Amino acid sequence: MNIDYRVNTPVCGEELIGVFKSVGWKKDENVIVKAFQNSYYVLAYSDNQLVGFARAISDDYFYTGIYDVVVKPTFQGKGIAKKMMEKLLQKYKGTYFFLTYTNGNREFYEKCGFKDNEQSMWIPK
Ligand SMILES: CC(C)(COP(=O)(O)OP(=O)(O)OC[C@H]1O[C@@H](n2cnc3c(N)ncnc32)[C@H](O)[C@@H]1OP(=O)(O)O)[C@@H](O)C(=O)NCCC(=O)NCCS
(Lines give C-alpha, C1' and ligand atoms only; values in the text may rest on other atoms or scores of the structure.)
Protein backbone atom coordinates (compact mmCIF):
# COMPACT_ATOMS: atom_id res chain seq x y z
CA MET A 1 0.00 0.00 0.00
CA ASN A 2 1.40 3.36 -1.03
CA ILE A 3 0.94 6.02 1.64
CA ASP A 4 1.81 9.60 0.83
CA TYR A 5 2.90 11.66 3.88
CA ARG A 6 2.47 15.42 3.68
CA VAL A 7 3.58 18.01 6.21
CA ASN A 8 1.61 21.22 6.89
CA THR A 9 -0.16 21.10 3.51
CA PRO A 10 -3.63 22.67 3.25
CA VAL A 11 -6.42 20.43 4.51
CA CYS A 12 -10.15 21.09 4.89
CA GLY A 13 -12.27 20.63 7.99
CA GLU A 14 -14.52 18.11 6.30
CA GLU A 15 -11.61 15.77 5.56
CA LEU A 16 -10.27 16.05 9.11
CA ILE A 17 -13.70 15.54 10.67
CA GLY A 18 -14.25 12.47 8.47
CA VAL A 19 -11.15 10.81 9.93
CA PHE A 20 -12.05 11.83 13.50
CA LYS A 21 -15.56 10.43 13.02
CA SER A 22 -14.19 7.13 11.70
CA VAL A 23 -12.73 6.44 15.16
CA GLY A 24 -15.69 7.89 17.07
CA TRP A 25 -14.11 11.21 18.01
CA LYS A 26 -16.10 14.45 17.86
CA LYS A 27 -14.38 17.74 16.99
CA ASP A 28 -15.74 21.16 16.05
CA GLU A 29 -15.38 21.55 12.27
CA ASN A 30 -15.35 25.35 12.61
CA VAL A 31 -12.10 25.43 14.57
CA ILE A 32 -10.30 22.20 13.74
CA VAL A 33 -8.47 23.62 10.70
CA LYS A 34 -7.26 26.59 12.76
CA ALA A 35 -6.04 24.20 15.47
CA PHE A 36 -4.08 22.25 12.86
CA GLN A 37 -2.70 25.46 11.36
CA ASN A 38 -1.41 26.39 14.82
CA SER A 39 0.42 23.05 14.96
CA TYR A 40 3.05 21.15 13.00
CA TYR A 41 1.09 18.33 11.39
CA VAL A 42 1.58 15.25 9.29
CA LEU A 43 -1.19 13.99 7.00
CA ALA A 44 -1.30 10.47 5.53
CA TYR A 45 -3.01 9.96 2.18
CA SER A 46 -3.92 6.85 0.23
CA ASP A 47 -5.04 7.54 -3.36
CA ASN A 48 -5.39 11.22 -2.41
CA GLN A 49 -7.82 10.36 0.40
CA LEU A 50 -6.92 11.46 3.91
CA VAL A 51 -6.54 8.32 6.05
CA GLY A 52 -4.69 9.64 9.10
CA PHE A 53 -2.89 12.48 10.82
CA ALA A 54 -0.82 13.46 13.83
CA ARG A 55 0.16 16.86 15.13
CA ALA A 56 2.56 18.55 17.52
CA ILE A 57 2.82 21.92 19.23
CA SER A 58 6.35 22.93 20.16
CA ASP A 59 8.41 25.90 21.34
CA ASP A 60 11.11 24.48 19.01
CA TYR A 61 13.74 24.36 21.76
CA PHE A 62 12.57 22.64 24.93
CA TYR A 63 9.06 21.20 24.92
CA THR A 64 6.74 19.48 22.46
CA GLY A 65 3.20 18.19 22.93
CA ILE A 66 1.76 15.48 20.71
CA TYR A 67 -1.98 15.51 19.88
CA ASP A 68 -4.61 13.93 17.65
CA VAL A 69 -2.81 10.83 16.42
CA VAL A 70 -5.52 9.13 14.38
CA VAL A 71 -5.66 6.54 11.58
CA LYS A 72 -8.88 5.38 9.92
CA PRO A 73 -9.78 1.85 11.12
CA THR A 74 -9.40 0.27 7.67
CA PHE A 75 -5.84 1.61 7.49
CA GLN A 76 -4.76 0.72 11.02
CA GLY A 77 -2.10 -1.90 11.73
CA LYS A 78 0.03 -0.89 8.73
CA GLY A 79 2.60 1.27 10.49
CA ILE A 80 1.02 4.58 9.42
CA ALA A 81 0.71 6.12 12.90
CA LYS A 82 4.23 5.05 13.83
CA LYS A 83 5.61 6.66 10.68
CA MET A 84 3.77 9.93 11.43
CA MET A 85 5.07 9.85 15.01
CA GLU A 86 8.61 9.33 13.71
CA LYS A 87 8.25 12.46 11.62
CA LEU A 88 7.09 14.52 14.63
CA LEU A 89 9.84 13.09 16.84
CA GLN A 90 12.45 13.82 14.20
CA LYS A 91 11.23 17.39 13.64
CA TYR A 92 11.53 18.27 17.33
CA LYS A 93 14.42 15.97 18.23
CA GLY A 94 16.20 17.17 21.38
CA THR A 95 13.05 18.51 23.08
CA TYR A 96 11.01 16.83 25.80
CA PHE A 97 7.89 15.18 24.32
CA PHE A 98 4.63 14.96 26.26
CA LEU A 99 1.27 13.41 25.52
CA THR A 100 -1.85 11.97 27.08
CA TYR A 101 -3.24 8.72 25.74
CA THR A 102 -6.70 7.21 25.60
CA ASN A 103 -7.59 3.75 26.91
CA GLY A 104 -5.87 0.92 25.09
CA ASN A 105 -3.22 3.03 23.38
CA ARG A 106 -0.42 3.10 25.94
CA GLU A 107 1.49 0.29 24.22
CA PHE A 108 1.42 2.08 20.88
CA TYR A 109 3.18 5.09 22.41
CA GLU A 110 5.63 2.82 24.21
CA LYS A 111 6.55 1.43 20.80
CA CYS A 112 7.20 5.01 19.72
CA GLY A 113 9.67 5.44 22.61
CA PHE A 114 7.49 7.03 25.33
CA LYS A 115 7.91 6.18 29.01
CA ASP A 116 5.69 6.83 32.04
CA ASN A 117 6.26 10.05 33.93
CA GLU A 118 4.57 10.21 37.29
CA GLN A 119 5.34 13.91 37.69
CA SER A 120 2.88 15.19 35.08
CA MET A 121 -0.39 16.99 35.76
CA TRP A 122 -3.17 18.44 33.66
CA ILE A 123 -6.45 20.36 33.84
CA PRO A 124 -9.06 18.59 31.68
CA LYS A 125 -11.27 20.88 29.60
C1 LIG B 1 -3.67 4.33 17.97
C2 LIG B 1 -3.61 4.40 16.46
C3 LIG B 1 -3.28 5.82 16.05
C4 LIG B 1 -2.52 3.45 15.96
O5 LIG B 1 -2.44 3.59 14.54
P6 LIG B 1 -1.86 2.44 13.59
O7 LIG B 1 -1.52 3.08 12.29
O8 LIG B 1 -2.76 1.28 13.58
O9 LIG B 1 -0.54 2.06 14.39
P10 LIG B 1 0.76 1.39 13.73
O11 LIG B 1 0.32 0.40 12.70
O12 LIG B 1 1.71 2.45 13.29
O13 LIG B 1 1.36 0.63 15.00
C14 LIG B 1 2.74 0.70 15.36
C15 LIG B 1 2.99 -0.36 16.41
O16 LIG B 1 2.15 -0.14 17.56
C17 LIG B 1 1.31 -1.27 17.77
N18 LIG B 1 0.00 -0.76 18.16
C19 LIG B 1 -0.79 0.09 17.49
N20 LIG B 1 -1.91 0.36 18.20
C21 LIG B 1 -1.80 -0.35 19.34
C22 LIG B 1 -2.62 -0.47 20.49
N23 LIG B 1 -3.78 0.19 20.61
N24 LIG B 1 -2.20 -1.28 21.50
C25 LIG B 1 -1.02 -1.95 21.41
N26 LIG B 1 -0.19 -1.85 20.34
C27 LIG B 1 -0.58 -1.06 19.32
C28 LIG B 1 1.27 -2.02 16.45
O29 LIG B 1 0.98 -3.38 16.63
C30 LIG B 1 2.67 -1.77 15.93
O31 LIG B 1 3.55 -2.65 16.59
P32 LIG B 1 4.90 -3.20 15.85
O33 LIG B 1 5.72 -1.96 15.50
O34 LIG B 1 5.53 -4.05 16.89
O35 LIG B 1 4.43 -3.92 14.63
C36 LIG B 1 -4.94 3.95 15.84
O37 LIG B 1 -5.32 2.71 16.38
C38 LIG B 1 -6.07 4.94 16.03
O39 LIG B 1 -6.25 5.87 15.24
N40 LIG B 1 -6.88 4.74 17.08
C41 LIG B 1 -8.07 5.60 17.33
C42 LIG B 1 -7.65 7.00 17.73
C43 LIG B 1 -6.78 6.98 18.96
O44 LIG B 1 -7.18 6.40 19.97
N45 LIG B 1 -5.60 7.61 18.85
C46 LIG B 1 -4.65 7.65 19.93
C47 LIG B 1 -5.03 8.68 20.88
S48 LIG B 1 -4.19 8.54 22.41
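## Reading the model

Residues are numbered from 1 along each chain as its sequence is written, and side-chain values use heavy atoms, with hydrogens and water left out. Because this is a predicted model, local features need pLDDT of at least 70 and side-chain atom pairs count only at pLDDT 80 or more, while totals for chains, interfaces and linings use all residues.

## Around the ligand

Let's begin with the ligand. Its shell holds 20 residues, and Val69, Val71, Gly77, Gly79 and Asn105 come nearest; a residue is near a molecule if one of its heavy atoms lies within 4 Å of it. What kinds of residues make up this shell? There are ten nonpolar, six polar and four charged ones. Here Ala, Val, Leu, Ile, Met, Phe, Trp, Tyr, Cys and Pro count as nonpolar, Asp, Glu, Lys and Arg as charged, and the others, Gly among them, as polar.

Which elements each supply at least two residues of the shell? They are β4 (63–71), α3 (80–91) and α4 (106–111), and α4 gives the largest share, with four residues. Helices (H or I, at least four residues) and strands (E, at least two) are DSSP runs, numbered from the N terminus.

## Polar contacts and the pocket

A polar backbone atom of lysine 82 is 2.8 Å from a ligand oxygen, and a polar backbone atom of lysine 78 is 3.3 Å from one. Glutamine 76 uses a polar side-chain atom instead, at 3.4 Å from an oxygen of the ligand. Taken alone, the ligand exposes 910 Å², and the protein buries 73% of that; such areas come from the Shrake-Rupley method with a 1.4 Å probe, and for residues only the protein chains shown count as cover.

The ligand takes up the space of the largest pocket. On a 1 Å grid over the protein atoms alone, a pocket is an open set of points where a 1.4 Å probe fits, with protein on both sides within 12 Å along at least five of seven lines. A molecule sits in a pocket if more than half of its atoms lie within 2 Å of its grid points.

Is aspartate 68 buried or exposed? Aspartate 68, in strand β4, is buried, with a relative accessible area of 9%. Buried means under 20% relative accessible area, exposed over 50%, and partly exposed in between (1.4 Å probe, protein chains only). Phi of aspartate 68 is near 50°, a positive value in a residue other than glycine.

Threonine 95 sits in the loop between α3 and β5 (96–98) and is buried too, at 12% relative accessible area. Its side chain contacts the side chain of threonine 64 at 2.8 Å and reaches the backbone oxygen of tyrosine 92 at 2.8 Å.

## Residues with more accessible area

Aspartate 60 lies in the loop between β3 (49–58) and β4 and counts as partly exposed, at 49% relative accessibility. Phi of aspartate 60 is positive, near 75°, in a residue other than glycine.

Threonine 74, in the loop between β4 and α3, is exposed, with a relative accessible area of 62%. Glutamate 14, in helix α1 (residues 13–22), is exposed as well, at 60%. The C-alpha atoms of glutamate 14 and tryptophan 25 are separated by 14 Å, and these residues are eleven apart along the chain.

Key: Polar contact = N/O pair within 3.5 Å; in protein donor to acceptor, adjacent residues only side chain to side chain. 1 Å grid on protein atoms, 1.4 Å probe; cavity = no way out; pocket = protein on both sides within 12 Å on 5 of 7 lines; lining within 4 Å.
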